[in-house]
Amino acid sequence: MKRRNWIAGAAALAGSSLLGTLQAATSAAEKLRASPRLPVLFLGHGSPMNAITENEFRRSWQALGTEFGKTYPKPQLILCISAHWITPGFRLTAMAQPRTIHDFGGFPQELFDQEYPAPGAPAVAREIAGGLGAGLDDHEWGYDHGTWSVLKPMFPQADIPVVQLSIDYSQTPQAHYALGRQLRALRERGVLVVGSGNIVHNLRASKRGASAMQAYDWAYEFDRKTAALIEKGALKELAEFQKLGALAEAAHPTYDHFLPLLTAAGAAEPRDKVRFFNDRYQSMSMAMRSVVWS
């Protein structure tokens, strides 16, 4: 796949170009319609067990799901950026019936039995990919647990089409933020943009059995610094997290779980109100803080 200079091209592609592409998508798929602007979500997903465990994190996802159709319009499509799909070049799922992927090991059979049969949206995915310069996957991937573990509690009926968007480790954090800016127009075409990862994610340092109020000092500090940038609307600065040096390295030995935050933040707008929830921790080394921009 030919690479693009995402940072240089973001300003030109954000807004009008993608909106035109979405109008084409509406014609092709006869699904997406103009709608009141939907929020953008970033969900700290943590352990896959949160999908089936009765805890505060899962209850918060369930409660948020009930707000759609009441506080917010019901989405016509969900576009989810998952920390667990890393590809060369950005890609979108483009199969009619994406499979549920159990991309983990060592968990109870009940977790492996979970399915999320939400339909895909191949025609819309093709049009969105054209506007972004992204590739398509029509057979290989599906819904990994970064997507289904949070969407199943939120939208248990699985009646909203879902398209998953990958992250690209060969691209910079700034490029992931710039990609998010190109997604802004989707919010007014009935699309709910969801980033799924963690603001702090260091499995090497995890301590099982720790309470949700316990965190390493470095995990607490990185989480708070990130939250402060989000609160003051300095979203572009999130992509500069590596300047924090050892603190960033402790919070993210690999930063796959931080990139979905950057893409979601790019899709947010300065006028959006910010709401945090699940601002707790898991295993002392994962920040579960989640964000609604609306």
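**A guided reading of the predicted fold**

Of the 294 residues of the protein chain, 59% count as buried, where buried means under 20% relative accessible area, exposed over 50% and partly exposed in between, with a 1.4 Å probe and protein chains only. This is a predicted model, in which local features need pLDDT of at least 70 and side-chain atom pairs count only at pLDDT 80 or more, while totals for chains, interfaces and linings use all residues. Residues are numbered from 1 along each chain as its sequence is written, and side-chain values use heavy atoms, with hydrogens and water left out.

The protein chain holds 10 helices and 13 strands; these are DSSP runs numbered from the N terminus, helices being H or I of at least four residues and strands E of at least two. Taking contacts between residues at least 6 apart in sequence, 82% join residues at least 24 apart, a contact being heavy atoms within 4.5 Å.

Strand 1 (residues 40–44) runs parallel to strand 8 and is joined to it by 5 bridges; two strands pair if DSSP finds at least two bridges between them. Here Val 40 has Val 193 as its bridge partner. Strand 2 (residues 77–86) also pairs with strand 8 in the parallel sense, over 6 bridges, and Ile 78 stands opposite Leu 192.

Helix 8 (residues 217–231) comes next. Its 15 residues reach 21 Å from the first C-alpha to the last, close to the 21 Å expected at 1.5 Å a residue, the expected span being 1.5 Å times one less than the number of residues. Ala 219, Phe 222, Asp 223, Thr 226, Ala 227, Leu 229 and Ile 230 are the buried residues of this helix. Seen down the axis of helix 8, they fall within an arc of 160 degrees, so they line one face of the helix; the arc is that of the directions from the helix axis to the C-beta atoms. The face turned away from the buried side carries the exposed residues Asp 217 and Glu 231. After helix 8 comes Gly 233, with a positive phi near 75 degrees.

Phe 222 of helix 8 also belongs to a cluster in which ring pairs link it with Tyr 169, Phe 241, Tyr 255 and Phe 258. The structure holds 9 aromatic pairs, counted when the centres of Phe, Tyr or Trp rings (for Trp, the six-membered ring) lie within 6.5 Å.

Towards the end of the numbering, an open sheet of 3 strands has the order 9-12-11 with antiparallel pairing. Its edge strands, strand 9 (200–201) and strand 11 (281–282), each pair on one side only. Strand 9 and strand 12 (residues 286–287) are joined by 2 bridges, and His 201 stands opposite Met 286.

Asn 278, with phi of about 55 degrees, is found between strand 10 (274–277) and strand 11 and is buried at a relative accessible area of 6%. Ser 283, with phi near 55 degrees, is found between strand 11 and strand 12 and counts as buried at 16% relative accessibility.

How values were computed
Rings of Phe, Tyr and Trp (its six-membered ring) pair if their centres lie within 6.5 Å; planes under 30 degrees apart count as stacked, over 60 as edge-to-face and the rest as tilted.
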